[in-house]
Amino acid sequence: MSDNRNDTLSRRDLLVSGAAMTAGGLALSSLGSKQARAEAPQKGGTLRLGMAGGATTDSLDPATLTSHMPTNITWQLRNNLVEISPNGEAIPELAESWDAKAGARTWVFNLRKGVEFHNGKSLVAEDVVYSLNYHRGENSSSGAKGLVTSIVNIKADGPHQIVIELESGNADLPSLLSDYHLQIVPAGTTDFSDGQGTGGYQLQSFEPGVRGLTTRNPNYWKEGRAHVDAIETLGIADVAARTSALQTGQVDLINKVDPKTLGLLKRAKGVRILAAKGGRHLPFLMRTDTAPYTNNDLRLALKYAINREQMLQTILRGYGQIGNDHPIPITDPFHASNLSQRSYDPDKAAYHFKKAGMEGQEITIHTSDAAFEGAIDSAVLFKESASKAGISVNVQREPADGYWSSVWMQKPFCTSYWSGRPTADSMLSVAYKSDAAWNDSFWKRADFDQLLIDARAELDSQRRREMYHDLQKMIQEDGGAIIPVFADFLDAGRDHVKGYAGSPDGHLSGDRAGERVWLDS
């Protein structure tokens, strides 16, 4: 693709025209595998998912979603306007098609007709307007707040069309509307516990962090999806227990496989590894609003004190890529590939540690394998590599249950993970913009915020690339996130699970495996 304005517009026009295709016409391509094309889906059976990423504090409120288990369950129950296919493309879901007016500031979305919620209510524009507005407003604490702050107005134009007006142009809007928080619910919903949606499955029971049971929606509108009779989603936080449950046939699919068990799983009869590359990264987060991490020299010291290559090989067994302390992966077209790669340098780490006035002081990192498989081991490796720079690190192990409510965004230095986002703008908007609800390093820079807004509206591809380069450079040089590696999405399943396609959007086919796979009887 050449770098000029006309080419950028053509890319947007292609996306818009592609969106006019029907979901039925996309059924085979969205399955995304030779196996799926070769075999006709079978109906029936109960799909059992063994999942990490659940907690007793989980809810079915889309604004509160923070991890895999509740996201997976809610996507069994609901749909978005736009879906990310296993190929990483924005494709129609509840929006049948869309179009952008000049400058991409005004977007028109045409809704699919004949879609019903589980309670029999027909989907209309009012439901979509309500669902998107739910995440807007000064008092909103939604994880999607950073994505919707640029929306000036959302209005219905008839029963099956909505118009979204933005404060500035954004060619990425369809992709942003695929975010898992932006699920469509009936207008007026304030109690989300019944799981009302338009999805392929209906809620039977939900015990937060423990178990969810859904059964097939007999009136599901989406052709070629929702094959099994029921889905049982089990919270299995311990990776060894999760792996054992798969090996012994107690579950059919598991997420977040520990790379250390790959050799064992590859030899297990009836089990296969399901791997996909994407934007998943494993940050060590420093709260830049909390001393001593307000000092950028300390932040730089810790960035130089981590041995990235050792972490890639030891923790991920090579299933990933080296990170450079910003969240945009090499698979993203706006990845800043020409930024100087930060590497392990004990001398530079010691220099910045001393400059920060931290000599003789101990750093505590809070961690749990609830953050990611191998998080504790990663922290121990960090402790060892930092010690060679004269930096003493205390590894504080935290309970898995409640980690996301008691440690993440609470403790001043902790481990975490991000599955990534479909676009550079969405990743930066949701986690690095000053007012983002999930700005988990509490890093705030007005110049970053303004450049992010400008880049979002820029239609010249070369200029936009330069702007995203500068944004990544700001985070790398000044941000509160150490991002040593990007990890492949590693899941595993039994051989009788068919139609599975990995996704750059996350684990278990972007948490949408439930409606995509079927069971071979």
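Predicted model: local features only at pLDDT ≥ 70, side-chain atom pairs only at ≥ 80, totals over all residues.
Local features need pLDDT of at least 70, side-chain atom pairs count only at pLDDT 80 or more, and totals for chains, interfaces and linings use all residues. Residues are numbered from 1 along each chain as its sequence is written, and side-chain values use heavy atoms, with hydrogens and water left out.

Start with the strands. Helices (H or I, at least four residues) and strands (E, at least two) are DSSP runs, numbered from the N terminus. Two strands pair if DSSP finds at least two bridges between them. Strands of a sheet pair through backbone hydrogen bonds, either parallel or antiparallel. Here 7 strands form an open sheet with mixed pairing, in the order β8-β9-β10-β1-β11-β20-β12. Its edge strands are β8 (201-207) and β12 (271-276), each pairing on one side only. Within the sheet, β9 and β10 are antiparallel and share 5 bridges. L213 stands opposite E232 in β10.

Now look at a hairpin. Strand β4 (residues 95-100) pairs with strand β5 (residues 106-111) in the antiparallel sense, over 5 bridges. A95 stands opposite L111 in β5. Between the two strands lie 5 residues.

Next come the charges. A salt bridge is a side-chain nitrogen of Lys or Arg within 4 Å of a carboxyl oxygen of Asp or Glu. The whole structure holds 27 of them. In one, R225 meets E83 at 3.1 Å, N to O. This pair links distant parts of the chain, 142 residues apart. R225 sits in the loop between β9 (211-216) and β10 (230-235), and E83 in strand β2 (residues 82-84). Both R225 and E83 are buried. Buried means under 20% relative accessible area, exposed over 50%, and partly exposed in between (1.4 Å probe, protein chains only).

K222 and E93 form another salt bridge, with their closest N and O atoms 2.8 Å apart. K222 lies in the loop between β9 and β10, while E93 lies in the loop between β3 (90-92) and β4, 129 residues apart. K222 and E93 are buried too. R445 counts as partly exposed because its relative accessibility is 23%. D447 is partly exposed, at 40%. Shared partners join E83, E93, K222, R225, R512, E515 and R516 into one network of salt bridges.

What of a buried charge without a salt bridge? D297, in helix α10 (residues 296-304), is such a case. Its nearest side chain of opposite charge is K355, 4.1 Å away. Lys and Arg count as positive and Asp and Glu as negative; His and the chain ends are not counted. The side chain of D297 does make a polar contact with the side chain of H352, at 2.8 Å. A polar contact is a pair of N or O atoms within 3.5 Å; within protein, one must be able to donate a hydrogen and the other to accept it, and residues adjacent in sequence count only if both atoms are side-chain atoms.

Finish with two helices. In helix α15 (residues 424-431), 8 of its 8 residues are buried. Its cover includes α6 (145-148), α7 (173-176), α16 (446-457) and α17. Helix α17 (residues 461-478) has 18 residues, so at 1.5 Å a residue it should span 26 Å. The expected span is 1.5 Å times one less than the number of residues. Its end C-alpha atoms are 26 Å apart, which agrees. Among the buried residues of α17 are S461, R464 and D478.

Technical notes: Contact = heavy atoms within 4.5 Å.
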